Amino acid sequence: MDQLTMLWEYQLEDMKADKMAHEIRRSPLRQKMENDRNLYMERQKQHKQIEEQVAVLADRKDAVRDALKRSEEQLKALQNRFETTPPADADAARAMISEVTKCRETIMGYEQEMKRLSSEAREHDQRGNSIRSEAARLRSEFESLKAQYDKEMPAKKAALDAQRAAADQKAAAITPELMAHYNRIKKHITPPLARLMVDQCSGCNTSLPSAVLHKVRNASDELVECESCGRIIIRM
């Protein structure tokens, strides 16, 4: 049996192994498990962001609370001054009234901001609780799926290993240079070998030039590649 024929038989086993590996990677169970893991990590990230936002709100509330306290003390001082030292004339009374009005407006502004900050804090808490609940559900579901996946994997892994071993057994009779060439092509296109079918490359269905056809039909061990897709053409 010539080297290209043996390489073709190796490719058949190699493609079976690749298909099995692909089915393992793309199994619905694994995809669901990976989706849950990714969502869980995203929820963890969101929860951390909310915690940071809540911390900023808390700092701002402390600052506003302190400013509100100072403004209330200022208003109380103005009221005490008005009671202990009444304005001497109308201008003085108007000035004091204006000062009291500005102080009250400042207090109202701080009170409104406190309400807004408290409302935002409640919304963040509710969102945080919702995210924590969803994260807990995702983690529980992920762990359940992983347990099922880990239970199924040994048999699938054993089957894949057996198929890889069958391919390796075929590869043992092929020269290292030819195997290296096969693997180089496989990095770009798969399968790396294609049959000659009615003067066409069976990989890309492109008609081959007469010079290429002549080489394929008359040189059993010479590597002839499709000028279109780059696969090794084999006549069988």
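Predicted model: local features only at pLDDT ≥ 70, side-chain atom pairs only at ≥ 80, totals over all residues.
To see it, select Tyr10 and Tyr182: their ring centres sit 5.3 Å apart and their planes meet at 75 degrees, so the pair is edge-to-face, the term used for planes over 60 degrees apart.

Now widen the selection to the helices around these rings. Tyr10 belongs to helix H1 (residues 3-25) and Tyr182 to helix H4 (residues 176-186), so this pair ties together parts of the chain that are 172 residues apart in sequence. Are the two tyrosines buried or exposed? Tyr10 and Tyr182 are both buried.

Next, move to Met33. You will find Met33 in helix H2, which covers residues 28-84. Its relative accessible area is 8%, and because buried means under 20%, Met33 counts as buried.

What does Met33 touch, once its neighbours within four places in sequence are left aside? Select Phe142, Leu145, Lys146 and Tyr149: Met33 is in contact with each of these residues.

Met20 and Met33 are 13 residues apart along the chain, and a distance of 19 Å separates their C-alpha atoms.

Finally, colour the model by confidence. The protein chain has a mean pLDDT of 94, with 98% of its residues at 70 or more. Look at helix H4 again, where confidence is highest, at 96. Then go to helix H5 (residues 210-218), where confidence is lowest, at a mean of 87.

Technical notes: Residues numbered from 1 in each chain as written. Heavy atoms only, no water. Helix = DSSP H or I, 4+ residues; strand = E, 2+ residues; numbered from the N terminus. Buried < 20%, exposed > 50% of the residue type's maximum accessible area, 1.4 Å probe, protein only. Contact = heavy atoms within 4.5 Å. Phe/Tyr/Trp six-rings, centres within 6.5 Å; stacked < 30°, edge-to-face > 60°. pLDDT = per-residue confidence, 0-100.
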